[in-house]
Amino acid sequence: MYFVRTASERDLDKVRALLVEAFRSAYADLYGEAKVSELIAHLFSPAALQARLAKKNAEFLVADNGKTVGGIGYAAMSDERTKTVMLHLLYVRPSLHRQGIGRQIFAELETCFPDAEIMRLEVEPRNEKAIAFYHAHGFADAGRNENDGPGQSGIATLILEKQLEPH
């Protein structure tokens, strides 16, 4: 049984290992090992994870069974002056897919931002499993981000949004 709780500094090594495994599983076939390794080094470096853990108006969650971390979720209020929360990370260990861990993390994240009206995320358009998960949890297509500006990844994403219930 996995329990969702707030991540702490001592979780970061396990969180990074899970993210590397899950990200590689989801994207190696789409981008190749070199690009995936480059993205992992940038997105999931110890410094990047530490910055997420310390960020204000954000929530970093883990699903933990006392021995291992089976999933993680990270969301933060948008830096824009909107009532939008951005879901940045939601990953479950591949061997634990379809056991409700992602749903548990997502349900908890929805309650962490009482002032938010919309939850938004970006997902790789070819990641059909993730898109199906989000659609099943109330998200609708809201556009695309080509990510082609200076300093951006060059990887286009599908933007999904969900109206949140007022708390």
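**Helix contacts, a pocket and a salt bridge**

Reply: Let us begin with two helices in contact: Arg16, Val20, Phe23, Arg24, Tyr27, Ala28 and Tyr31 of H1 meet Glu33, Lys35, Val36, Ser37, Leu39, Ile40 and Leu43 of H2. Please bear in mind that the model is predicted.

Me: Which classes of residue make up the contact of H1 with H2?

Reply: The contact of H1 with H2 divides into nine nonpolar, one polar and four charged residues.

Me: At what angle do H1 and H2 pack, and how far apart are their axes?

Reply: The angle is about 150°, and the axes of H1 and H2 lie 9 Å apart. The crossing of these two helices is right-handed.

Me: How does H1 pack with H3?

Reply: H1 and H3, the helix of residues 46-54, pack at an angle of about 115°, and their axes are 11 Å apart. This crossing is right-handed. On the H1 side, the contact is made by Leu12, Val15, Arg16 and Leu19, and on the H3 side by Pro46, Leu49, Gln50 and Leu53. By class, there are six nonpolar residues, one polar and one charged.

Me: How is empty space in a structure found?

Reply: A probe the size of a water molecule is rolled over the atoms, and this shows where empty space is left. In this model, the largest pocket holds about 1800 Å³ of space. Its lining has 50 residues, and those closest to the centre of the pocket are Tyr27, Tyr91, Glu122, Val123 and Asn127.

Me: Which elements give two or more residues to the lining of the largest pocket?

Reply: They are helices H1 (12-31), H2 (33-43), H4 (101-111) and H5 (128-136), together with strands E4 (84-92) and E5 (118-123). H1 supplies the largest share of the lining, eight residues. The lining as a whole divides into 26 nonpolar, 15 polar and nine charged residues.

Me: How many salt bridges are found in the whole structure?

Reply: The search finds eight salt bridges. One of them joins arginine 93 to glutamate 21, with the closest N and O atoms 2.6 Å apart.

Me: Why does the pair of arginine 93 and glutamate 21 tie together parts that are apart in sequence?

Reply: Arginine 93 lies in the loop between E4 and H4, whereas glutamate 21 belongs to helix H1, so the pair links parts that are 72 residues apart in sequence.

Methods
Residues are numbered from 1 along each chain as its sequence is written. This is a predicted model: local features need pLDDT of at least 70, side-chain atom pairs count only at pLDDT 80 or more; totals for chains, interfaces and linings use all residues. Side-chain values use heavy atoms; hydrogens and water are left out. On a 1 Å grid over the protein atoms alone, a cavity is a set of points where a 1.4 Å probe fits but cannot get out, and a pocket is an open set with protein on both sides within 12 Å along at least five of seven lines; lining residues have an atom within 4 Å of a point. Grid points are joined across faces, edges and corners, and a volume is the space filled by probe spheres set on the points. Helices (H or I, at least four residues) and strands (E, at least two) are DSSP runs, numbered from the N terminus. Ala, Val, Leu, Ile, Met, Phe, Trp, Tyr, Cys and Pro count as nonpolar, Asp, Glu, Lys and Arg as charged, and the others, Gly among them, as polar. Axes are lines fitted to C-alpha atoms, for helices over the stretch in contact, and angles run from 0 to 180 degrees between N-to-C directions. A crossing is left-handed if the near helix is turned anticlockwise from the far one by less than a right angle, and right-handed if clockwise. Contact means heavy atoms within 4.5 Å. A salt bridge is a side-chain nitrogen of Lys or Arg within 4 Å of a carboxyl oxygen of Asp or Glu.
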